[in-house]
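Hi,

Here is the structure I promised to pass on to you.

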Amino acid sequence: MLEFLKFFTSWLNAQGVMPPEVSEEDTGEARENKTWLQQWPEDIDNAYCIRQYRGRLPGLPTKDAGVRQLQIMVRNRSHLICLTQIETVFNFLKDRPEMIEDLDSEHWAIISCTKPPVKLEDDARGNTRYSLSFSVTTAF
């Protein structure tokens, strides 16, 4: 599961719509404005988080092999920056036609992102948070 998230995050970063995944070498402020897998730490105000969650697509209850439900969340001190960041990801993903997208020479995906981002409740530190959920069908 994490292998796909790492790959998909690096693909989104290469497309210029999300920052790279945080690395072990990142410390202090270098951890800001990075992408975290599965969950973000509580001490970072400006961050992205991509996670996979369980779920099925309506109409495919017994054929969900290869369908991954993903969620991208953005958190930022500034409401405007947070909204701009999640809208950038949303606009990029929704413009992908629901046909095979070549992620690289070996991997493909069908990205289905039709619902706009949702504003989440601000966190305890007062940061704005948005969430975007979508499905990706892949043989990864």
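Below is what turned up, starting with the charged pairs and ending with the strands.

Please keep in mind that this is a predicted model.

**Salt bridges**

Side chains of opposite charge can pair when their charged atoms come close. Searching the whole structure gives 9 salt bridges. One of them is formed by the side chains of Lys 6 and Glu 21, with 3.0 Å from N to O. Lys 6 belongs to helix 1 (residues 2–14), while Glu 21 sits in the loop between helix 1 and strand 1, so this pair ties together parts that are 15 residues apart in sequence. Both partners are partly exposed: Lys 6 has a relative accessible area of 40%, and Glu 21 comes in at 26%.

Another salt bridge brings together the side chains of Arg 77 and Glu 32, at 3.9 Å from N to O. This one links distant parts of the chain, 45 residues apart: Arg 77 is in the loop between strand 3 (67–76) and helix 2 (79–94), and Glu 32 is in the loop between helix 1 and strand 1.

Arg 77 also forms a salt bridge with Asp 45, where the closest N and O atoms are 3.1 Å apart. Because Asp 45 lies in the loop between strand 1 and strand 2 and Arg 77 in the loop between strand 3 and helix 2, the pair ties together parts that are 32 residues apart in sequence. Which residues do the salt bridges with shared partners join into one network? They are Glu 32, Asp 45, Arg 77 and Arg 125.

**Asp 45**

Asp 45 is in the loop that runs between strand 1 (35–37) and strand 2 (47–53). Is Asp 45 buried or exposed? Its relative accessible area is 10%, under the 20% limit, so Asp 45 counts as buried.

The side chain of Asp 45 makes a polar contact of 2.8 Å with the side chain of Arg 125, and a polar contact of 2.9 Å connects it to the side chain of Asn 127. Setting aside residues up to four places away in sequence, Asp 45 touches Glu 32, Arg 75, Asn 76, Arg 77, Arg 125 and Asn 127.

**Asp 123**

Asp 123 is found in the loop between strand 6 (118–120) and strand 7 (128–138), and at 13% relative accessibility Asp 123 is buried. A polar atom of the Asp 123 side chain lies 2.8 Å from the backbone nitrogen of Asn 127. Apart from neighbours within four places in sequence, Asp 123 is in contact with Arg 75 and Arg 129. Arg 75 is also among the residues that Asp 45 touches.

**Strand 2 and its partners**

Strand 2 has 5 of its 7 residues buried, so the rest of the structure largely encloses this strand. On one pairing, strand 1 and strand 2 run parallel and are joined by 3 bridges, with Trp 36 opposite Cys 49 in strand 2. Strand 2 and strand 3, in turn, run antiparallel and are joined by 7 bridges; here Ile 50 stands opposite Ile 72 in strand 3.

If you open the model, I'd be glad to hear your thoughts on any of these places.

Best wishes

Definitions and conventions
Residues numbered from 1 in each chain as written. Predicted model: local features only at pLDDT ≥ 70, side-chain atom pairs only at ≥ 80, totals over all residues. Heavy atoms only, no water. Helix = DSSP H or I, 4+ residues; strand = E, 2+ residues; numbered from the N terminus. Buried < 20%, exposed > 50% of the residue type's maximum accessible area, 1.4 Å probe, protein only. Polar contact = N/O pair within 3.5 Å; in protein donor to acceptor, adjacent residues only side chain to side chain. Contact = heavy atoms within 4.5 Å. Salt bridge = Lys/Arg side-chain N within 4 Å of Asp/Glu carboxyl O. Pairing = 2+ DSSP bridges.
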